[in-house]
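Reader: I am new to this structure and would like to learn how to read it with care. Could we go through it together, feature by feature?

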Amino acid sequence: YIPSRFLLCHEGTHRQKPRALFYYVLEVCMNTQTKNITIAGLCLALAMVLPFLTGQIPQIGSALSPMHIPVLLCGFLAGGFWGLLVGAAAPLLRFALFGMPPLMPMGIAMAFELATYGLVAGLVYRMLPGKPIHVYIALVTAMLAGRVVFGIAMYLLMKSAGNVYTMQMFLSGAFVKAVPGIILHLLLIPPIVLALEKSGFL
């Protein structure tokens with residue numbers, strides 16, 4: 001469907017109709033880009049604010065992972081590219097503003113982790129057909145991929161500093177202690193995405 005204002009502006013020969021289509025596609029792309037930038041900005045702001053709900057206490061924050069929520073949502077709502085940008089920027093910007101999380105090694109490792117969350121959530125969500133179960137598949141895939149990347153980043157950063165990062169430390173931090181956050185994300189994120197799908201936002 002092409003809005004009538006484009007058809008009125010480009011009435012006449014068949015040669016002019018492709019031009020009308022071009023202007024319509026251009027407007028759609030600009031509107032989509034504006035929406036994605038707005039979503040990314042809001043999600044980045046939420047990533048700054050939500051950790052305050054845990055009182056900036058590292059033990060609670062690592063268990064609930066509130067910063068992960070807006071990054072994952074950004075991937076679903078705005079796509080993998082914006083999810084990656086917001087995920088990479090969030091820990092670094094929060095360290096610059098509030099001093100948390102500590103930059104080395106946690107902040108750098110989190111930047112890689114969250115960037116992977118946003119990227120994979122957006123890519124997998126758009127690759128799969130639009131069924132509710134696929135939102136959960138995309139979310140679980142993103143959470144697994146992000147944790148693997150986090151483990152690799154932590155290992156390399158710790159090794160470069162002359163420290164040790166074992167598999168037991170990885171499994172404990174990324175899965176065992178993170179169970180409350182994993183459950184929270186599974187309960188919270190898919191209903192939000194599905195509600196926005198139903199409303200026509202996505």
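**Reading the chain**

Author: Let us begin with burial, where buried means under 20% relative accessible area, exposed over 50%, and partly exposed in between, with a 1.4 Å probe and protein chains only. Of the 202 residues of this chain, 39% count as buried. The model is a predicted one, in which local features need pLDDT of at least 70 and side-chain atom pairs count only at pLDDT 80 or more, while totals for chains, interfaces and linings use all residues. Residues are numbered from 1 along each chain as its sequence is written, and side-chain values use heavy atoms, with hydrogens and water left out.

Reader: How many helices and strands does the chain have?

Author: Helices (H or I, at least four residues) and strands (E, at least two) are DSSP runs, numbered from the N terminus. Here the chain has 9 helices and 0 strands, and along the sequence the pattern reads α-α-α-α-α-α-α-α-α.

Reader: Which residues of the largest nonpolar core touch the most other members?

Author: A nonpolar core is a set of buried Ala, Val, Leu, Ile, Met, Phe, Trp, Tyr and Cys residues joined through side-chain atoms within 4.5 Å. The largest one holds 42 residues, of which Leu72, Cys74, Phe76, Ile189 and Val193 touch the most other members. At least two residues of this core come from each of H2, helix H4 (68–78), H5, H6, helix H7 (132–160), helix H8 (167–176) and helix H9 (179–199), and H7 gives the largest share, 10 residues.

Reader: What does Phe76 touch, leaving out residues up to four places away in sequence?

Author: Contact means heavy atoms within 4.5 Å. With residues up to four places away in sequence not counted, Phe76 touches several residues, including Ala121, Tyr125, Val135, Leu139, Ile189 and Val193. For the chain, residues 24 or more positions apart account for 69% of the contacts with a separation of 6 or more.

Reader: Is Glu113 buried or exposed?

Author: To read a charged residue, one also looks for a salt bridge, which is a side-chain nitrogen of Lys or Arg within 4 Å of a carboxyl oxygen of Asp or Glu; Lys and Arg count as positive and Asp and Glu as negative, while His and the chain ends are not counted. Glu113, found in helix H6 (residues 103–127), is buried yet has no salt bridge, and the nearest side chain of opposite charge, that of Arg147, is 4.9 Å away.

Reader: Which residues make the nonpolar surface patch?

Author: Patches are made of residues with over 30% relative accessible area and no salt bridge, with like charges joined within 9 Å and nonpolar side chains (Val, Leu, Ile, Met, Phe, Trp, Tyr) within 5 Å; accessible areas come from the Shrake-Rupley method with a 1.4 Å probe, and for residues only the protein chains shown count as cover. Val49, Phe52, Leu93, Leu97 and Phe98 make a nonpolar patch of about 440 Å², and its largest share, 3 residues, comes from helix H5 (residues 80–98). Phe52 sits in the loop between helix H2 (17–49) and helix H3 (58–64) and is partly exposed, with a relative accessible area of 41%.
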